[in-house]
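Take a look at the model below.

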Amino acid sequence: MEMTGAGEQEREMGKVIVVTSGKGGVGKTTSSAALGAALAKNGAKVVVVDFDVGLRNLDLVMGAERRVVYDLVNVIQGDAKLTQALIRDKRVESLYLLPASQTRDKDNLTAEGVEKVITALKKNFDWVICDSPAGIERGATLAMRHADIAIIVTNPEVSSVRDSDRIIGLLDSKTLKAEKGERIEKHLLLTRYDPLRAERGDMLKVDDVLEILSIPLLGIIPESMDVLRASNVGSPVTLADGDSAPSRAYFDAVRRLNGEDIPVTVPGEKRGFFSKIFGRKAA
Ligand SMILES: Nc1ncnc2c1ncn2[C@@H]1O[C@H](COP(=O)(O)OP(=O)(O)OP(=O)(O)O)[C@@H](O)[C@H]1O
Ligand SMILES: [Mg+2]
């Protein structure tokens, strides 16, 4: 990150991303880890914060489960300093994890506590990625509260899309940005996209999802064994297998997060999505 001022070692405030969804099990944790690792690999200083103990927890997906000593709740309750709870990745040195409490009650996450932690993280990291629990409960609203950017993870199926619409409503009303009358930047990440099932009509088509949700598309991540294999060895797919289709899709998503305007490839289709819309030849 650029330093501001000549002599001053003052850094610009980092950006807070919430990775959220209405429906559970759609790929939030997988995507938080993959995007965080991809951003860090590109040189940014990144922390991924676990707000949930989900199906497959963030520390597991990032291969750090045996290194967890303190967690977010410990920091909030003053039992540990932030620096004691942060776990630095062994592969990418600018990548950190702040783990979730495995045992304690979720009520221990207080709004004031979360605010303190996020504020401290923003001062020290370029990106603060909050892996949210699914749904509209308190944990999810706490995770999205400080976000500048929301990534709404959606699978191409009716129930997931419908629940995403609900989350979009929350993002526009319950976040700090919304309270200040500002708009939170929203991106759609379509995950677990299976071209064969889309072809058969078992899944919604990309255009249908976009039409219903009408938020900009950050990327389409194909359903892939590469994701499971990476997760089983405790690695974000963007670190385990950089050349795999899901990894490339996550790296492209990161470029779009950084403001690049590059065409979205629909898995199974040769031509990029923009080229399809504008009738140009794929690059
Ligand atoms: N692109 C993919 N291809 C294949 N499997 C995937 C893909 N993305 C995620 N998965 C698998 O789907 C399951 C759910 O993923 P994940 O835990 O990331 O979802 P989640 O939204 O965080 O779930 P929860 O709501 O419980 O927190 C995991 O087993 C994960 O490995
Ligand atoms: Mg999860």
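## Helix H1 against helix H13

A crossing is left-handed if the near helix is turned anticlockwise from the far one by less than a right angle, and right-handed if clockwise. The crossing of H1 and H13 is right-handed. Here a helix is a DSSP run of H or I with at least four residues, numbered from the N terminus. This is a predicted model, in which local features need pLDDT of at least 70, side-chain atom pairs count only at pLDDT 80 or more, and totals for chains, interfaces and linings use all residues. Residues are numbered from 1 along each chain as its sequence is written, ligands are numbered from 1 and chains lettered from A in the order in which they are written, and side-chain values use heavy atoms, without hydrogens and water.

Two packed helices are described by the angle between their axes and the distance between the axes. Axes are lines fitted to C-alpha atoms, for helices over the stretch in contact, and angles run from 0 to 180 degrees between N-to-C directions. Helix H1 (residues 28-41) packs on helix H13 (residues 245-257) at about 70°, with the axes 9 Å apart. That makes H1 roughly perpendicular to H13 (65 to 115 degrees; under 35 is roughly parallel, over 145 roughly antiparallel, the rest oblique).

Contact means heavy atoms within 4.5 Å. From H1, the residues that meet H13 include Thr30, Ala34 and Leu35. Their partners in H13 include Tyr250, Phe251 and Val254.

## Helix H7 against helix H10

The axes of H7 (residues 158-171) and H10 (residues 206-213) come within 10 Å and cross at roughly 30°. That makes H7 roughly parallel to H10. This crossing of H7 and H10 is right-handed.

Val161, Ser164, Asp165 and Ile168 in H7 meet Val209, Ile212 and Leu213 in H10.

## Around ligand 1

Which residues are closest to ligand 1? They are Lys28, Thr29, Thr30, Arg192 and Ser224, among 18 residues that surround the ligand (a heavy atom within 4 Å).

Some polar contacts (here, pairs of N or O atoms within 3.5 Å) involve oxygen atoms of ligand 1. A polar side-chain atom of Thr30 lies 2.6 Å from a ligand 1 oxygen. A polar backbone atom of Gly25 is 2.9 Å from one. For a backbone N or O atom of Val26, the distance to a ligand 1 oxygen is 3.1 Å.

Note on methods: Helices (H or I, at least four residues) and strands (E, at least two) are DSSP runs, numbered from the N terminus. A polar contact is a pair of N or O atoms within 3.5 Å; within protein, one must be able to donate a hydrogen and the other to accept it, and residues adjacent in sequence count only if both atoms are side-chain atoms.
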